[in-house]
Amino acid sequence: MRIAVVGGGPGGLYFAALAKQLGPGNEITVWERNAADDTFGFGVVFSDETLGGIEHADPQVYAAMERDFARWDDIDVHYRDRVITSGGHGFAAISRKRLLHILRQRCAGLGVRMYFRTEAPDPATLATGYDLVIAADGASSATRAEFADAFGPEVEARQCKYIWLSTDLVFDAFKFYIVETPYGVMQVHGYPYDATGSTFIVEMHSDVWAAAGFSDLAPAGLPPGQSDEASIARIADLLAGIIGGHQIEANNSKWITFGTLRCRSWRHRNVVLLGDAAHTAHFSIGSGTKLAMEDALALAACLNEQPDVDSALLAYEAERRPVVESTQRAAQASLEWFENLGQYTHQDPEQFAFNIITRSRRVTHDNLRLRDPEFTASVDAWFAADCQRRGLGTGDIVPPMFQPARLRDLELKNRVVVSAMDMYSASDGTPSDFHLVHLGGKAAGGAALVMTEMVCVSPAGRITPGCAGMYAPAHESAWRRVTEFVHRYTTASIGLQLGHSGRKGSTKLMWEGIDEPLEEGNWEVCAPSPIPYLAGLNQVPHELTVAELEQIKAEFVAATVSGERAGFDLIELHCAHGYLLSSFISPVSNRRTDRYGGSLAARLRFPLEVFAAMREAWPAGKPMTVRISATDWVPDGTTAADSLQIAQAFAAAGADAIDVSTGQVTPDEQPAFGRSYQTPFSDAIRNKTGIATVAVGVISSYDDVNSIILAGRADLCAIGRAHLFNPNWTLHAAAAQGYSGPGATWPDQWAAGSRPPQTGRTDGPKPRLALIREASLGTGGTRHARWRPSAAAARAAASAPARPAPARPAQAATVAAPAPTEASP
């Protein structure tokens with residue numbers, strides 16, 4: 001094969017070396033527009049997992065890299081004059097310039113043809129003259145731009161500014177410095193890359209950046225290779241407490257607004273994207289070099305395994321895209337955490353340190369407990385003491401999910417809620433034996449609070465004919481049977497969720513056709529505006545008059561009074577998912593021109609009137625919560641910023657907590673679905689407004705619950721489908737963590753099964769030498785290795801060119817992705 005590689009960065013060179021080894025007869029040519037010794041950035045960080053892949057793919061490259069690695073295990077969080085350390089993480093860094101030298105030498109030894117200071121032929125010419133074209137030309141890829149219609153690139157711009165620098169202060173671990181300034185909070189990401197220097201990235205929200213004067217200092221445009229010296233001098237002054245007498249050094253360093261690049265496709269005929277040309281991930285979690293070298297390894301392997309180029313490129317994208325998208329989701333969570341850093345600076349140092357380390361949701365409470373049990377135990381102890389200070393618990397150190405909570409007079413034994421889930425098993429609104437078994441079983445399964453499905457306040461307010469109601473005497477007595485079972489046989493509380501279907505009513509049971517209209521026995525639906533949920537399928541709803549609004553409000557109040565008589569401990573008002581009250585709040589479904597439409601405050605008026613009337617009818621000592629959709633996931637819908645105002649409005653009306661869901665308001669939504677994907681909305685409401693929240697949405701492991709609660713992202717966690725899979729989810733979570741106590745009480749009838757059943761042994765005895773090595777670790781087995789370069793290493797590093805020469809970069813984009821070859825862990 002004749003293979004053209006556009007771009008001589010780590011990804012392009014590593015691919016060339018691997019492809020040449022797998023096919024010695026391949027003719028491989030690399031073009032790099034910069035000189036061989038030119039480079040952006042300073043150091044590259046690798047995780048142990050990535051290095052394992054490199055070691056097995058090309059031991060010679062790995063051995064050369066290993067000789068120059070700076071290695072360490074610790075992360076230091078510098079916050080409020082405290083340094084909190086978490087160990088056991090395992091990092092290796094190398095000078096980017098040294099990495100490129102190793103890869104160039106490897107390619108030269110294998111016979112790869114390389115051209116430097118040479119522009120590659122245009123992509124169309126390469127595609128015609130070569131069997132395969134590798135576009136490894138970075139985030140501003142000219143190859144991708146040439147075939148933009150085929151690749152479909154999109155860049156999502158964000159709100160932080162950052163600048164990539166270096167310092168001759170050699171850090172001994174990864175460093176997070178959180179710096180409070182008169183202009184707002186700034187953060188520094190730092191790590192060593194050899195015996196002479198460290199990467200030093202300064203990042204802050206654009207509002208802080210402007211307030212600190214950088215908007216006036218930063219030139220509108222700088223020639224390629226020139227750094228923003230005025231801003232760097234300002235940074236040296238602001239961060240003198242970190243740098244001391246050491247130097248800050250630049251290399252084409254200027255302020256960048258991060259952009260996450262996603263492409264619809266990575267391949268077009270015989271042209272394929274690799275590394276930052278295909279995707280970017282925020283430097284706080286996703287190393288561009290790491291991802292590019294992993295791409296290169298996968299692509300080389302697929303070319304070797306598949307019968308032709310088309311099949312190989314298809315296999316490459318199928319293999320790598322899920323991995324990259326997972327990394328991008330984690331990086332997005334980390335990016336947004338740093339954008340919103342100011343909302344966490346009220347947290348105590350222990351909680352803040354745990355929060356920053358678990359920000360991407362990839363590192364969790366359980367994961368940290370394995371890496372650094374002392375660190376995790378110290379944060380658990382802080383949380384236990386903090387709960388006790390607030391009158392919760394006895395101060396005993398237990399898994400965070402088993403610390404108690406309180407809403408008004410309601411004491412909750414732990415932080416787990418069985419989420420409201422429609423069962424569609426009622427008859428004319430009357431709950432059945434299925435509801436007794438479903439809710440009674442979940443209550444016996446260990447959760448602190450069990451929520452009913454959305455219980456409808458009128459026959460016309462049902463979603464389907466199978467929906468439960470609270471609008472007839474038979475309903476009240478049937479629900480009392482459920483609450484009496486819960487209170488008699490379990491230590492759980494039970495909550496009643498009340499709602500009205502609005503324009504999403506009169507539809508089939510979920511398993512018969514979700515959101516599809518009834519073919520017979522249908523009823524008229526209503527809404528704030530005559531806009532159907534699914535145009536051409538669902539009914540056009542009747543626009544409610546003011547008099548009808550008063551009638552519906554009265555129905556909510558009557559259901560609330562019935563709920564009290566039926567013995568419920570808590571009431572939740574359903575203002576989410578596109579049902580009636582939600583459709584008043586969302587501008588997608590509310591186009592009214594009277595006092596109930598228009599601004600957000602006006603759209604909130606009717607839901608708030610309903611809530612206030614319910615609160616007045618509900619006993620003062622019993623709590624009320626509200627479920628909201630924090631975003632509609634469409635550009636013209638409710639936004640995360642709106643959700644803060646929505647939460648504050650309900651809290652002012654007497655809500656004790658906000659149950660933070662999202663979406664289901666319009667079929668046009670594009671949710672960013674994934675594990676715990678709605679938790680950031682709960683996090684923002686809780687930490688920006690101080691209102692208690694319930695996190696919900698793909699929270700399925702006790703590890704996630706512990707992480708969310710301990711980091712302060714929510715007060716309670718609502719678990720839905722995991723409880724359908726395992727009704728005793730909470731009790732089993734307690735058993736798995738070795739916890740027994742008031743936070744997880746097994747019914748007497750089940751006590752004999754409170755320990756996990758025995759299974760066959762799956763692990764063999766550890767080798768004696770492994771046991772000896774483990775005994776040499778720190779207390780509890782934690783690795784706390786720091787980077788301590790030897791004098792010889794320092795001399796060797798100093799004898800090489802100390803810093804990379806300024807490169808001649810491609811034309812800069814207005815919104816650039818991160819420096820494509822460097823990233824912090």
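Which strands each supply at least two residues of the lining of the largest cavity? The legends below take up this point first and then turn to other close-up views. The model shown is predicted.

**View 1. The largest cavity and the strands that line it.** The strands that each give at least two residues to the lining of the largest cavity are β20, β21 (449-456), β25 (570-575), β26 (624-629) and β29. This cavity has a volume of about 90 Å³. The structure holds four cavities of 30 Å³ or more. Lining the largest cavity are 16 residues, and those nearest its centre are Val417, Met451, Glu572, Asp659 and Val694. Sorted by class, the lining has 10 nonpolar, three polar and three charged residues.

**View 2. Helix α27 and its buried residues.** Helix α27 covers residues 729-736, and its buried residues are Trp729, Thr730, Leu731, Ala733 and Ala734. After α27 comes Gly738, which has a positive phi near 70 degrees.

**View 3. The crossing of helices α22 and α23.** Helix α22 spans residues 600-617 and helix α23 spans residues 640-652; their axes come within 10 Å and cross at roughly 35 degrees. The crossing of α22 and α23 is right-handed. On the α22 side, the residues in contact are Leu600, Leu604, Pro607, Leu608 and Phe611, and they meet Asp642, Gln645, Ile646, Ala649 and Phe650 of α23. The residues of this contact comprise eight nonpolar, one polar and one charged.

**View 4. Asp81, a loop residue with a positive phi.** Asp81 lies in the loop that joins β5 (75-79) to β6 (82-86). Its phi is positive, about 65 degrees, although Asp81 is not a glycine. Is Asp81 buried or exposed? Asp81 has a relative accessible area of 87%, so it is exposed, the cut-off for this being over 50%.

**View 5. Asp515, another loop residue with a positive phi.** The loop between α19 (510-513) and β23 (526-527) contains Asp515. Asp515 is a residue other than glycine, and its phi is positive, near 70 degrees.

Definitions and conventions. Residues numbered from 1 in each chain as written. Predicted model: local features only at pLDDT ≥ 70, side-chain atom pairs only at ≥ 80, totals over all residues. Heavy atoms only, no water. Helix = DSSP H or I, 4+ residues; strand = E, 2+ residues; numbered from the N terminus. Buried < 20%, exposed > 50% of the residue type's maximum accessible area, 1.4 Å probe, protein only. Axes fitted to C-alpha atoms, helices over the stretch in contact; angles between N-to-C directions. Left-handed = near helix turned anticlockwise from the far one by under 90°. Contact = heavy atoms within 4.5 Å. Nonpolar A, V, L, I, M, F, W, Y, C, P; charged D, E, K, R; others polar. 1 Å grid on protein atoms, 1.4 Å probe; cavity = no way out; pocket = protein on both sides within 12 Å on 5 of 7 lines; lining within 4 Å. Points joined across faces, edges and corners; volume = space filled by probe spheres on them.
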